[in-house]
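Me: I have a model open on my screen and want to learn how to read it. Take me through it one feature at a time.

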Amino acid sequence: MTDSLSLRRSFPAAATLSRWRAPDGWEHRRFDWAADAPRGRLLFQTGRADVIEKYLEVFAHLVARGWSVTAFDWRGQGGSGRLLADRHVGHGGDFSILVADLQAFWAGWRAEDLAGDLPHVLLGHSMGGHLALRAVVERAVDPDALILVAPMLGLRLPTGALLGAGIIGLMNALGRAERGIWEAKDGPGHHTRQRNLTHDVERFEDEGYWYRQQPELALGPPSWGWLASAMRSIRALDRDPRLDRVKLPSLMLVAEADRLVDPRAALAIAARIGARVERFGPEAAHELLREVDPVRLRALAAIDGFLDGLTT
């Protein structure tokens, strides 16, 4: 049996990387790993500043259970085209552009199933979860089921929501939209970031391993403009009356001690869309699928059970 470290730090021989261009010509990096006898197809979308390589262990698990997995790095991060001359700053304009990218990719990806007899599932983590749900609400995608993992349906701002929104608005008004919210050398320390993401130090260090192999994949702090865009998109989704009309088999995994996104906002939206919910307590940080084994395996078991229900 292949050990966990090898799964996480070596690219699978059966998987492929390719390039995909959005309708406006923007280049994205695409990942595909086909199951030998697929039960279904799953599009996995990561969070802000993530890269495909961080989830190779998860992909191996899904493929072993018969799910062909595809992913792409979002516009502005990973191996996709960046939005600023300073590649280290995670910028983003209107999130509608990202929804449009997902819509175009989804249409082409779904059409690849020529027989049309496999279930197509959309799984989004964090920012990817927000964009996945927004795309469903706006009918930009038509998955047979939806999985949201620690979705960004509200932000946890260290200054609190009201003051934080004011600071973000002020920094954008002062013309700092394309500036990072911290300088890399002065930003959150290694241990603070690790604690916010996962209790598993070794899995946290996988990210650094891949960045040493491919420094061009690394991304630093979000810009003030990204924060403003994220808040606008979150508010718009919460106020969209179509959200309450979503009728789709859905699973949401929520980390109640999450320091990056607001679990209360996620739970409120889960109730509105009728999602099945798996809740995690203080044992879990934001990256549920990259946590210590008791958390990670429980999260995968919840996903497995949900997916099994689609194919039996």
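Me: Which element holds Ala 60?

Reply: Helix H2 holds Ala 60. Helices are DSSP runs of H or I with at least four residues, strands are runs of E with at least two, and both are numbered from the N terminus. This is a predicted model: local features need pLDDT of at least 70, side-chain atom pairs count only at pLDDT 80 or more, and totals for chains, interfaces and linings use all residues. Residues are numbered from 1 along each chain as its sequence is written, and side-chain values use heavy atoms, with hydrogens and water left out.

Me: Is Ala 60 buried or exposed?

Reply: Buried means under 20% relative accessible area, exposed means over 50%, and partly exposed is in between, using a 1.4 Å probe and protein chains only. Ala 60 has 13% relative accessibility, so it counts as buried.

Me: What does Ala 60 touch?

Reply: Contact means heavy atoms within 4.5 Å. Leave out residues up to four places away in sequence, and Ala 60 touches Leu 7 and Trp 33. Ala 15 is 45 residues from Ala 60 in sequence, and their C-alpha atoms are 9.9 Å apart in space.

Me: Which groups does the side chain of His 120 reach?

Reply: A polar contact is a pair of N or O atoms within 3.5 Å; within protein, one must be able to donate a hydrogen and the other to accept it, and residues adjacent in sequence count only if both atoms are side-chain atoms. The His 120 side chain makes such a contact with the side chain of Arg 41, at 3.2 Å. The His 120 side chain also reaches the backbone oxygen of Leu 118, at 2.8 Å. Setting aside neighbours within four places in sequence, the residues in contact with His 120 include Trp 106, Trp 109, Asp 113 and Pro 143.

Me: How do I read phi?

Reply: Most residues other than glycine have a negative phi. Ala 49 is not a glycine, yet its phi is positive, about 70°. Ala 49 sits in the loop between strand S3 (40-45) and H2. With a relative accessible area of 6%, Ala 49 is buried.

Me: What lines the largest cavity?

Reply: Its volume is about 60 Å³. Among the lining residues are Arg 8, Glu 53, Tyr 55, Arg 203 and Asp 206. H2 gives the largest share, three residues. For classes, Ala, Val, Leu, Ile, Met, Phe, Trp, Tyr, Cys and Pro count as nonpolar, Asp, Glu, Lys and Arg as charged, and the others, Gly among them, as polar. This lining has four nonpolar, no polar and seven charged residues.

Me: And what classes line the second largest cavity?

Reply: Eight nonpolar, no polar and two charged residues line the second largest cavity. Its volume is about 30 Å³. Strand S7 (250-255) supplies the largest share, three residues.

Me: What is the volume of the second largest pocket?

Reply: About 370 Å³. Of its 17 lining residues, those closest to the centre are Gly 154, Leu 155, Ala 161, Ile 234 and Asp 262. H8 gives the most to this lining, five residues.

Notes
1 Å grid on protein atoms, 1.4 Å probe; cavity = no way out; pocket = protein on both sides within 12 Å on 5 of 7 lines; lining within 4 Å. Points joined across faces, edges and corners; volume = space filled by probe spheres on them.
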